[in-house]
Amino acid sequence: MTLAKIDIISGFLGAGKTTLIKKLLKETLAGEQVVLIENEFGEIGIDGGFLKEAGIQITEMNSGCICCSLVGDFGTALKDVVQKYHPDRILIEPSGVGKLSDVIKAVGNVAAEAGLEMNSFTAVVDAKKCRVFIKNFGEFFVNQIEYAKTIILSRTQNVSQDKLEECVALIREHNDKAALITTPWDELTGQQILDAMEQKHSLEDELLEAARVCPDCGHVHEHGEHCDHDHAGHSHGHGHEHSSHDHDHDDHGHVHGGHDHTHDGHDHDHCGCEHAHEDHGHHHDHHGHEGHHHADEVFTSWGTETAHRYTKDEMEAILKELSASERFGTVLRAKGMVRGADQTWIYFDLVPGEYELRDGAAQYTGQICVIGSKLDEQALKELFRV
């Protein structure tokens, strides 16, 4: 019997995990029975609303991080999913502030018993926010990088070549083995991304395979085996003498640039996060090694349901103030769906320094969620008029 695959897709708040999952589901996993298990940090599982638009089955877990309070119940949850849906693949999207190492451990403890195969561990990293998040939230952010087998950079189309290379260099300081996708997602197929996640068709494999094939007779060399004829100067080495790791996984057709310390239009590295190192000075320099904290010790969330109707101009003003002002605390992410005028629905998404509004499908009521540290809930209630 073929075991169902488990793919863990991690990523810090606002990195683009949901967008990536949508792309994979649409372009390459449509023929599979897929179940998505979400673990949203906060009171409301906002991402569920976005994915339900695509008709995807959601099992939401909002009582805490998968790596914290849910560890004890996770085995039961996985077994229930397998028995109920008989999936080919389970996608696990942990909370953006969860440690990937803890998630891998929690899943690994029950995978075999539940008849599941640990398939891929991926971290999605916003190329525009890499440096500031490493600086201010290193313990959580770096852990996701360190334990990922594949790292997928998002929003690379919005950064300069130098800024992109700076991000790559920072990542490579913490993980120089993972496959690293830097090409804008619109230029890649879902299958290309999935192959990278599953470590298929890597250039390293191609080089090793090519080194095992004798160019004179086409014979495939096994380890320690040589052809009897003279190779006339060919040095094959059976794949062991060439430096197969020199490419650092940068040979997958991805683009890299240099080192830029300037700010491009929307990438304000101070944008509400720079002061956070003062708030959380007890762990920012740890980078996941000297200190250990649960996400709910560092991050807070505020969520609400609302029947209030907003115009797009009102939402624009709200998000502009939320993005620019520090009076609400350190805001790392805001997301939601609210009722607009004339039966419309407004979906919004905010990360430090930038935000977007779009039209979306109707929900049973409006939902708003803000994640950050030392949030001023009263100020947020006043801002959103709830």
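What I am showing is a predicted model, in which local features need a pLDDT of at least 70 and side-chain atom pairs count only at pLDDT 80 or more, while totals for chains, interfaces and linings use all residues. Residues are numbered from 1 along each chain as its sequence is written, and side-chain values use heavy atoms, with hydrogens and water left out.

With that definition in hand, we can turn to asparagine 119, which, if we leave aside its neighbours within four places in sequence, is in contact with Lys5, Ile6, Asp7, Arg89 and Glu198. Asparagine 119 sits in strand 5, residues 116-126; helices and strands here are DSSP runs, numbered from the N terminus, with at least four residues of H or I for a helix and at least two of E for a strand. Is asparagine 119 buried or exposed? Its relative accessible area is 16%, so it counts as buried, given that buried means under 20% relative accessible area, exposed means over 50%, and partly exposed lies in between, with a 1.4 Å probe and protein chains only.

In space, asparagine 119 is 8.7 Å from methionine 197, C-alpha to C-alpha, although 78 residues separate the two in sequence.

Glutamate 198 is buried, with a relative accessible area of 12%. Besides its polar contact with asparagine 119, the side chain of glutamate 198 makes a polar contact of 3.4 Å with the side chain of lysine 5. Not counting residues up to four places away in sequence, glutamate 198 touches Lys5, Arg89 and Asn119.

Now I would like to move to a pair of helices. The axes of helix 12 (residues 312-324) and helix 13 (residues 377-384) come within 10 Å and cross at roughly 155°; these axes are lines fitted to C-alpha atoms, for helices over the stretch in contact, and the angles run from 0 to 180 degrees between N-to-C directions. Helix 12 is therefore roughly antiparallel to helix 13, a description kept for angles over 145 degrees. On the side of helix 12 the contact is made by Met315, Ile318, Glu321 and Leu322, and on the side of helix 13 by Leu380, Leu383 and Phe384. By class, this contact has 6 nonpolar, no polar and 1 charged residues, where Ala, Val, Leu, Ile, Met, Phe, Trp, Tyr, Cys and Pro count as nonpolar, Asp, Glu, Lys and Arg as charged, and the others, Gly among them, as polar.

Helix 13 also holds lysine 381, which is partly exposed, with a relative accessible area of 34%. Leaving aside neighbours within four places in sequence, lysine 381 is in contact with Trp302 and Val386. Lysine 381 and glycine 303 are 78 residues apart in sequence, yet 9.6 Å apart in space, C-alpha to C-alpha.

Histidine 86, in the loop between helix 3 (71-85) and strand 4 (89-93), has a positive phi of about 45° although it is not a glycine, and at 61% relative accessibility it counts as exposed. Arginine 155, in the loop between strand 6 (150-154) and helix 7 (161-174), has a phi near 60°, again a positive value in a residue other than glycine, and at 24% relative accessibility arginine 155 counts as partly exposed.

I will finish with the whole protein, which has 13 helices and 12 strands. Of its 386 residues, 56% count as buried. How much of the contacts with a separation of 6 or more comes from residues 24 or more positions apart? The share is 76%.

Key: Contact means heavy atoms within 4.5 Å. A polar contact is a pair of N or O atoms within 3.5 Å; within protein, one must be able to donate a hydrogen and the other to accept it, and residues adjacent in sequence count only if both atoms are side-chain atoms. Angles under 35 degrees count as roughly parallel, over 145 as roughly antiparallel, 65 to 115 as roughly perpendicular and the rest as oblique.
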